[in-house]
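Hello,

Here is the structure I promised to pass on to you. Have a look at it first, and then read on for my notes on what turned up.

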Amino acid sequence: MACMILPVQKIHKKVVALVLAGMLAACSPLGLPDMPAPPPTQALVLAPTLAPAPSATPSQTPLPPTAIPTVTSTPTATAVPLTPTATLAPLAATDRERIFDQVWTLVRDRYLYRDYRGVDWQAARETYRPRARAAASPEAFYQVMGELIELLGDDHSRFESPRMVAEQELRESGELSYAGIGVNVRDDPAGGLITRLARGGPAEQAGLRSRDLILAVGSTPFTDTAVFGPDGPNGVIRGAPGSTVQLTVRSPGGAPRVVLITRQMIPSDAFPPVVAQRLPDTQTGLLEIDTFDRQGLEQLVRDQLDLLLKDRPLDGLIIDLRDNQGGFVSSMLNTLGLFVDGGSIGVTRGRDARQKQEIPKGQTIPALDGVPIVVLIGDQTVSAAEMFAAGIRVRARARIVGVPSAGNTENLLVHNLPDGSRLWLAEYAYYLPDGSLLEGHGVQPDRELDVQWWRFDLLDDPQVQAALSELRVKN
């Protein structure tokens, strides 16, 4: 199996996963097989990558004297040493040139944008090829390759080293674990707002809850981002399993308190990609889909909805895609097939080819037939999630509430290279059935409501309330 680490990807900065400190994986160094790269595989739209590794502990500035908190702590955990990542195999200069030429040519011949988004691609070759050949180490070579693809600036195309490929494969197979406290955090002017917790994770054990605000890490205010170094406060919260981190936290309506949390291993499935619940005192279901970056996602959605429908029917369904940053187009279409019985949602077109985007037939959930649906979207709704929202409206199955989506819907093809690295290249753009392009425009909601929804409890969320109002009209 090839070895690799996820690259730094341009993502929206409001959402940060605080689960990563090190990779538990052991891989053998790769040789360079003398074989051509396999043909590209299926098109997809990428979800965000994992956060980078932690930086050193920062110098600290004291908290303002307003917080004299109570200290609580989690149970101690046995320290587990992290297995180091594999060393990249050395590459001869001729091998580097061969990989560089293959990547450069793929972009030249297949990239969606014939003008390379304003980049002089021939000049890029003349600049970066000598750097790739002269790179002092495999790490430096792969960094050059990453920089080459970043020149395109399309927020989707990217180059992954062999280590990155290996980590991605482990993550997708559920074999990759991380050390941390198990929270997702959204930046807020007052600190770090917790939006999700890993079930049974260290943060949940310490009594932290969704909508709690992290005011400080140690004695340094969370908002003092420059003090924390390049990875910010999130990099300092991560750490080795068995070590501790002190946070100052405030719950809604409460006083600040200090929490001492023992970092633990966070399994790859700690944050379920799909969660369904019945809204209190209603017959309305809320289905949160956080990603389409998982094969077989539609079965998880079906299972969650079956549980929700087990006792009694629903009179409405809200599908929340506000933090969904994309994934596999196939997973998106198969999930759409649970709500819509077939039909086209448009096409994807590249330089010389086009692909119809068809919803599968015969997969719908019978208990949802005729049940009105509202989809929630926002500026963090990206890629395949935008295609889902656009497609379900194209098929006249749902109304859309929120703010316009990101407008970033290029579809990628993966090109596996002979050294175990990968090129993900934007080769297709998504067009609605009327011929309009979603790229750069996003999905426009039927009912626009611009609020910081993540600061509200679920039932007080204005966008959820707007969705409920839309469903009442339908009923």
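**Helices on the sheet**

Helix α7 (residues 297-309) lies across β13, β14 and β15, and its direction makes about 15° with that of β13. On the sheet you will also find α9, which touches β15, β19 and β20 and runs at about 150° to β19. Please keep in mind that this is a predicted model.

**The sheet itself**

The sheet is an open one of 6 strands, in the order β13-β14-β15-β19-β20-β23, and its pairing is mixed. At the edges are β13 (274-278) and β23 (447-448), each of which pairs on one side only.

As for the neighbours of β19, strand β15 (residues 316-320) runs parallel to β19 and is joined to it by 4 bridges. Within that pairing, Ile319 has Val375 as its bridge partner. Strand β20 (residues 399-402) is also parallel to β19, again with 4 bridges. Here Val374 stands opposite Arg399 in β20. To get from β19 to β20 the chain passes through helix α9 (residues 384-394), and this β-α-β crossover is right-handed.

**Two residues with positive phi**

Most residues other than glycine have a negative phi. Two residues to look at with that in mind are Asp281 and Ser383. Asp281 has a positive phi, near 60°, and is not a glycine. You will find Asp281 in the loop between β13 and β14. Ser383 is not a glycine either, and its phi is positive at about 60°. Ser383 belongs to the loop between β19 and α9.

Is each of them buried or exposed? Asp281 has a relative accessible area of 84%, so it is exposed, the cut-off being over 50%. Ser383 has a relative accessible area of 0% and is therefore buried, the cut-off there being under 20%.

**Aromatic rings**

There are 9 aromatic pairs in the structure. One of them is formed by Phe292 and Phe388: the ring centres are 5.7 Å apart and the planes are at 25°, so this pair counts as stacked. The two residues come from distant parts of the chain, 96 residues apart, with Phe292 in the loop between β14 and α7 and Phe388 in helix α9. Phe292 is buried, because its relative accessibility is 0%. Phe388 also has a relative accessibility of 0% and so counts as buried.

Elsewhere, Trp104, Tyr111, Tyr113, Tyr116 and Trp121 form one aromatic cluster. Tyr111 deserves a click of its own. Its place is in the loop between α1 (93-110) and α2 (121-134), and at 0% relative accessibility it counts as buried. Which residues does Tyr111 contact, leaving aside its neighbours within four places in sequence? They are Leu106, Tyr116, Arg117, Leu152, Asp154, Ser157, Arg351, Leu425 and Ala426. Ala426 is 315 residues from Tyr111 in sequence, yet their C-alpha atoms are 6.1 Å apart in space.

**Two further helices**

Helix α8 (residues 329-336) is mostly covered, with 6 of its 8 residues buried. Those buried residues are Val329, Ser331, Met332, Leu333, Thr335 and Leu336.

The buried residues of α3 are Pro138, Phe141, Tyr142, Val144, Met145, Gly146, Leu148 and Ile149.

Enjoy exploring the structure, and do write back with any questions.

Best wishes

Conventions:
Residues numbered from 1 in each chain as written. Predicted model: local features only at pLDDT ≥ 70, side-chain atom pairs only at ≥ 80, totals over all residues. Heavy atoms only, no water. Pairing = 2+ DSSP bridges. Right-handed = clockwise from strand over helix to strand, strands pointing away. Contact = heavy atoms within 4.5 Å. Axes fitted to C-alpha atoms, helices over the stretch in contact; angles between N-to-C directions. Buried < 20%, exposed > 50% of the residue type's maximum accessible area, 1.4 Å probe, protein only. Phe/Tyr/Trp six-rings, centres within 6.5 Å; stacked < 30°, edge-to-face > 60°.
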